[in-house]
Amino acid sequence: MPQQPIVFDAPTPQRRAHDAETLAAEILERLTYSVGKDPIVARPYDWLNATILAVRDRVIDKWLESSRDTWRSSNKRVYYLSLEFLIGRLMRDAMSNLGLMEPVRDALKSLHVDLGDLIDLEPDAALGNGGLGRLAACFLESMSSLKLPAYGYGIRYVHGLFRQEMSEGWQVELPEEWLAHGNPWEFERRENAYEVGFGGSVEPITLPDGTIRHEWRPSEHVNAVGYDTPIVGWRGARINTLRLWSAQPIDPILLDKFNSGDHIGALQESAKAEAITQVLYPADSTVAGQELRLRQEFFFSSASLQDIVRRHLQQYENLTSMPDKVAIHLNDTHPAISIAELMRIMMDQHGLPWAEAWDLTRGVFGYTNHTLLPEALETWPVALLERMLPRHMQIIYTINAAVLTEARTKAQFTDAQIANVSLIDEHGGRRVRMGQLAFVGSHSINGVSALHTELMKKTVFSDLNKLYPGRINNKTNGITPRRWLMQCNPGLTKLITERIGPEFQDRTEALAALDPHADDPGFQAAFAAVKRANKVALAELIHDRLGVVVSSDALFDVHIKRIHEYKRQLLNIIQAVAQYAEIRAHPEREWVPRVKVFAGKAAPSYWNAKLIIKLINDVAKVINNDPSVRGLLKVVFLPNYNVSLAEMIIPAADLSEQISTAGMEASGTGNMKFGINGAITIGTLDGANVEMLDLVGKDNIAIFGLTAEQVAEKRARSEVPRSWIDNSPPLKSALESISSGVFSPDDPNRYRDLIGGIYDHDWFMVARDFDSYAAAQAKIDRLWNDKRKWNSMAIRNTAHMGWFSSDRTITQYAEEIWGVPVSKG
């Protein structure tokens, strides 16, 4: 591809005014000439698109300015590779960060249009599943806010994960249609399309000097076409780019087949290419599903690296300067194949010798590990990689040989240690360990909470940590306070600003100034009023979507996250069943009214997770319709959990459920979002809960359950949990009710195996932690009845969440991993 000259003295567009009158005129102009509608007949979606386009113009001005600044300064760039970017709705985010919320609101009001109605119409970008993708989105926003020159790279999924609906309490997966009406925030970049290959063979080529170069000749190619979305930083400090790749066929139709009558076959290659970017996390229970997932990961990794190398060579003479000018970060193991791909590009396309290419590769890559779960540390069958990516498999073998030789000769590793560090798992079928590949190919490997990082050193990467000491470091996760406080909770933001001033909006740690006001009765009353207003809004949403009436004066007990056994929604709903029994047995007691709110998606092939959703809905159906409960306990499951739903639920939460089995949650970020909005956490000593305990103090959080060390000890002893169950009458009764069909009269055996797993092994410590959890919930009831104490705790949670800003996290990444200066102003 010929290099295009860089022009630094291009004219700068005239900066657009931000006043309401000018905005109203531009919205009308966009409605007429871009949307093609007369205001008299324009529908709400027309007004939404016109408003986005008017706001987007102001974004583009700063976007181009940011890009030019980077080229002029030759600053080091950060490239963040992630299979997920859960960015949510963008219009409110852009308006808030550019200071346009009120001017746009006033402009639309003059046109007899309500901004709030338009914000609710914008679809969520279906580009992620949970914490991993939302973290990536927070990080991109913080990079822009801190003026770091950065790109995010991912996949432009047509249908995302799935749209979740309920059918008789069961999860049903439907296609997410977020792109059905186009996406006004994205810009197609056909000039930066790249070919990505699969399959084929590797041919050795002897060069004139006698050295051998390898040439990969793929048997299949697809085009990767970039779509750019601007990511706006706080106060418009900088606007970075999220580039998402769309897979398109080289030849959209095989005309010879079509003309011969094979109309479907003529489109086969097109369908095969486009399948790569149709769905996030296609089920991998089949060989075809595994192949598609590998295609996805290599497709976006290869396209991104080709783009990075092109951009680098457009500005610099050769690749040897890459570690000084480029930092590539792998968000989990999904893009780990990038290690082998960059080696191939450097050696096979640019002629670098192995040793130099390996030094450069390790110099640019950093890797964040997000899990200690073996099933989440990706592995691929060697046979699949050899067939799909033969050259990369050769490179992986060569890397592995060097690593194992170093382990044997320099570190004097035993055979068992050699097996642990090997990139090839030889047990039960040969598989490539992508976590090991990411580790050995990166100069930095970080965990995402203090506990997770220490466990990583002791468990999954124990021997690699011994072989390469000092590479593992901790970078505790964070959240952007712009979206998760200022935008989703404007009432609380206004109250805080009135009490301590606006400094916290630019430096989140300044929230600590709230602490001296935590016991002020007047401030407590105002704080509680904001919370209640948010609860009223959530109660209305629950009624609109589920038809269930809940009291805004009840304690809102919230458990919203991906459905997984280690996140222990099962423990929560079992405790709800036990409480239901207690309410019916002792109606004379003064029970604290509770609304248990659940939301989250289960992976389509994860049967137990889907069964837990069904159990929650079955329990809800019984409890919510039992007149003897008198509304003291309600259970609701809100379908299709996404960013926008989280923005409604989190500000209304009184209690935040962070109850994962200790040692299994890497960090969690929901805990931080709830905390900054004044929810009190009930949780185990897992993930970032440990750091939250240190920051808010033991009197302002409800910690229960086994520690990570105790969990490991009990698993090692293979204890049978039956005695724990027999010694806890409330637990035993609840389990018997569920397993005997009390909540599933149409299918009494529906939950027998699910509950049987608790009796047989209780891998996730549901039985062992139940009594401690129930005691913590009883403590929550007592605290709730002491409103002054509760409000004080809630305010102190908000006051001490400033450290969990993603600005702090990204500053640490920039200074300690990427080597990129951070703007302090």
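Reader: In helix 20 (residues 490-500), by about how many helical turns are E498 and K494 separated?
Author: In this predicted model, the side chains of E498 and K494 meet in a salt bridge, with 2.6 Å from N to O, and E498 and K494 are both exposed. The two residues are 4 apart in helix 20, so the separation between E498 and K494 is about one helical turn.

Reader: Which residue forms a salt bridge with E426, and is E426 buried or partly exposed?
Author: The partner of E426 is R430, and the closest N and O atoms of this salt bridge are 3.0 Å apart. R430 has a relative accessible area of 38%, which makes R430 partly exposed.

Reader: How far apart are the closest N and O atoms in the salt bridge of D425 with R433?
Author: D425 and R433 are both buried, whereas E498 and K494, which also form a salt bridge, are exposed. A salt bridge needs a side-chain nitrogen within 4 Å of a carboxyl oxygen, and in the bridge of D425 with R433 the closest N and O atoms are apart by 3.7 Å.

Reader: How many salt bridges does the structure hold?
Author: Some salt bridges are linked into a network, which takes in R189, D228, R243, D307, R310 and R311. For the structure, the number of salt bridges is 63.

Reader: How many aromatic pairs does a search of the whole structure find, and are the rings of Y151 and Y153 stacked or edge-to-face?
Author: A search of the whole structure finds 20 aromatic pairs. In the pair of Y151 and Y153, the ring centres are 5.9 Å apart and the planes stand at 15 degrees, and because planes under 30 degrees apart count as stacked, the pair of Y151 and Y153 is stacked.

Reader: What is the relative accessibility of Y153?
Author: Y151 and Y153 belong to a cluster that ring pairs link together, with Y79, Y194 and W245 as its other members. Y151 counts as buried at 16% relative accessibility, and Y153 counts as buried as well, with a relative accessibility of 0%.

Reader: Is W358 buried or exposed?
Author: W354 and W358 lie in helix 12 (residues 354-364), 4 residues apart, about one turn of the helix. W354 is partly exposed, with a relative accessible area of 26%. W358 has a relative accessibility of 12%, and because the cut-off for buried is under 20%, W358 counts as buried.

Reader: Over the ring of which residue does the charged end of R156 sit?
Author: A lysine can also lie over a ring face, as K535 does over F556, at 4.8 Å from the ring centre. The charged end of R156 sits 4.0 Å from the centre of a ring, and that ring belongs to Y227.

Reader: Which residue in the turn between strand 6 and strand 7 has a positive phi?
Author: Strand 6 (residues 201-206) and strand 7 (residues 212-217) run antiparallel and are joined by 6 bridges, and V202 stands opposite W216 in strand 7. The two strands form a hairpin with 5 residues between them, and the residue in the turn with a positive phi, of about 95 degrees, is G210.

Key
Residues numbered from 1 in each chain as written. Predicted model: local features only at pLDDT ≥ 70, side-chain atom pairs only at ≥ 80, totals over all residues. Heavy atoms only, no water. Buried < 20%, exposed > 50% of the residue type's maximum accessible area, 1.4 Å probe, protein only. Pairing = 2+ DSSP bridges. Phe/Tyr/Trp six-rings, centres within 6.5 Å; stacked < 30°, edge-to-face > 60°. Lys NZ or Arg CZ within 6 Å of the ring centre and 35° of its normal.
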